[in-house]
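Below is a short briefing on a single protein chain.

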Amino acid sequence: MSAPKVTQIADPVKLGEGPHWDHESQALYYVDIKGSTVSKYVPATKKHTTVKIEGGPVSLVIPVEGTTDKFVITVGRNVAIMTWDGESDTPADVKHVCTVDTEEKSQNNRLNDGKADPTGRLWSGTMGPDTGVSNEFEPEVGALYSFSKDWEATQHLMKITVANGLAWTEDQKLMYYIDSPTRKVYTFDFDAKNGKISNKRTGFDLEKNGVKGFPDGMAIDTEGKLWVACFEGSKVIRVDPTNGKLLSEIEIPALQVTSVAFGGPQLDELYVTSANEHLSEELQKKYPLSGATFHVTGIGVKGYAGQPVKL
């Protein structure tokens, strides 16, 4: 098999994140957290559309099942429903439906990565503010939440520093989760019916496997292997969370690789987002595509389409 081919498909942004492949419309959605924008890319026409959201950083975009113009987004510490036709440069409506981390000490937190589990239930975690040191954040002030259909938030984990990647096995028995500074991917037993997690253990340890950088967003393939974006590692790695082994890696021409999603008509392609945060002049020169979104073909496996939120 020839090596995977990596192609830039979108101009650099500050903090690209949250790629979501909508299989029904054959479109990719992603965000620029710092730019507070949601973007749509249609590979068949190569058309890009970007919409600006007012009110704070936007860390995720997930379509609402059964609709073509409703999306769950985050704005700061708020979960919101955005009405957008996918064409305009402003949304028709953004309605806040839930706020988390409401205690006074958590006012500077924001929501970060999030996904819908296989039942369509939204999960998203929070993180603390930047400490002023390059890519370091106030430690252990975030939490991981799930959200009911009537937007009641349930807290599952506390003392999270940078809430990140989420993935579930096809049989819905396991959930994988990342708190980036730990440099580990955690495995939990997952109760899909009640939306509960238990029995935390390590599924993959970047330190032990000599992988540079921090685990960020991730996706799972049909063989149950995880594809993990390595922030400050310039790659996406494929790992086996059942035995903690590194299987393969794909070099990405950006240092800060933020997230990954399966896409394409056969779900055998990858979409990869990246960031351009606090990079020195030297690193800017070395990685001129920092912040771009990439398309990877020839990976040899298939994954799953993005799961919409069920309301």
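One helix and 24 strands make up the secondary structure of the protein chain; helices (H or I, at least four residues) and strands (E, at least two) are DSSP runs, numbered from the N terminus. The model is predicted: local features need pLDDT of at least 70, side-chain atom pairs count only at pLDDT 80 or more, and totals for chains, interfaces and linings use all residues. Residues are numbered from 1 along each chain as its sequence is written, and side-chain values use heavy atoms, without hydrogens and water.

**Overall shape**
- Along the principal axes, the C-alpha atoms fill a box of roughly 45 × 45 × 40 Å.

**Burial**
- Of the 311 residues, 55% count as buried (under 20% relative accessible area, 1.4 Å probe, protein chains only).

**Aromatic pairs**
- The whole structure holds nine aromatic pairs (Phe, Tyr or six-membered Trp rings with centres within 6.5 Å; planes under 30 degrees apart are stacked, over 60 edge-to-face, the rest tilted).
- Y29 and F71 are tilted, because their planes meet at 55 degrees, with ring centres 5.0 Å apart.
- This pair ties together parts 42 residues apart in sequence, since Y29 lies in strand 3 (residues 27-32) and F71 in strand 7 (residues 70-75).
- Y29 is buried at 3% relative accessible area, and F71 is buried at 2%.
- Y29, F71 and W84 form one aromatic cluster.

Methods:
Buried < 20%, exposed > 50% of the residue type's maximum accessible area, 1.4 Å probe, protein only.
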